[in-house]
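This briefing covers confidence, packing, helix geometry and charged pairs for the structure shown here. Please have the coordinates open while reading.

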Amino acid sequence: MIALLGASALTLAALQASIATPTSAFRGCLHDAAAKATSDKVSGDAIETYLRNACTAQLGTLKQALVDFRMKNGMTKKAAADDASMTIDDYVSTPADKYKFMASQNA
């Protein structure tokens, strides 16, 4: 019983680690892209597209990792993909909203 619990805990930890690296890479890219957007004078209306385009590779890697993780936890591929898209939207919206706020304050 204890061995089964230990194995389950190790498996869960490994699965969570599989999404930690892509998440960190994507969030770091978003941070760097938001800083670069300021110097490139990107408008507040265009920031979300700018961030997504600047971090396309990291976005794809994270989305695939999230889909794989959720499918291993019993979700269907479509549901996992939809959920991953919502998660990515949340990650993008935070720096985008901050950028829009700062752009409006500086105008």
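Which residues of the largest nonpolar core touch the most other members? They are Phe26, Ile47, Leu51 and Ile88, in a core of 23 residues. The model is predicted, with an average pLDDT of 88 and 83% of the residues scoring at least 70.

**Confidence**
- Over residues 4–10 the pLDDT is below 50, and this stretch has zero contacts in the model beyond near neighbours in sequence.
- Where pLDDT is low, the predicted coordinates should not be read in detail.

**Core and packing**
- The largest nonpolar core numbers 23 residues; helix 1, helix 2 (47–54), helix 3 (56–72) and helix 4 each supply at least two of its residues.
- Helix 1 gives the largest share of this core, seven residues.
- Setting aside neighbours within four places in sequence, Phe26 is in contact with Cys55, Gln58, Leu59, Leu62, Ile88, Tyr91 and Val92.
- Thr23 counts as buried because its relative accessibility is 13%, under the 20% cut-off.

**Helix 4**
- Helix 4 (residues 77–106) has 30 residues and should span 44 Å at 1.5 Å a residue; its end C-alpha atoms are 43 Å apart, which agrees.
- A bend of about 25 degrees occurs at Ser93, and Pro95 follows within four residues.
- The buried residues of helix 4 are Ala80, Ala84, Thr87, Ile88, Val92, Pro95, Ala96 and Tyr99.

**Salt bridges**
- Five salt bridges are found in a search of the whole structure.
- Arg70 pairs with Asp83, with 2.3 Å between the closest N and O atoms. Arg70 lies in helix 3 and Asp83 in helix 4, so this pair ties together parts that are 13 residues apart in sequence.
- Arg70 counts as buried at 16% relative accessibility, whereas Asp83 is partly exposed at 22%.
- Asp40 and Lys36 form a salt bridge at 2.9 Å, N to O. Being four residues apart in helix 1, they are separated by about one helical turn.
- Both of these residues are partly exposed, Asp40 at 39% and Lys36 at 46%.
- Asp82 bridges to Lys78, with the closest N and O atoms 3.1 Å apart; these two are four residues apart in helix 4, about one helical turn.
- Asp82 is partly exposed at 39%, while Lys78 is exposed at 61%.
- Glu48, Arg52 and Asp89 are linked in a network of salt bridges.

How values were computed: Residues numbered from 1 in each chain as written. Predicted model: local features only at pLDDT ≥ 70, side-chain atom pairs only at ≥ 80, totals over all residues. Heavy atoms only, no water. Buried < 20%, exposed > 50% of the residue type's maximum accessible area, 1.4 Å probe, protein only. pLDDT = per-residue confidence, 0-100. Contact = heavy atoms within 4.5 Å. Expected span 1.5 Å × (residues − 1). Bend = angle between axes of the 7 residues up to and from the residue. Core = buried A, V, L, I, M, F, W, Y, C linked by side-chain atoms within 4.5 Å. Salt bridge = Lys/Arg side-chain N within 4 Å of Asp/Glu carboxyl O.
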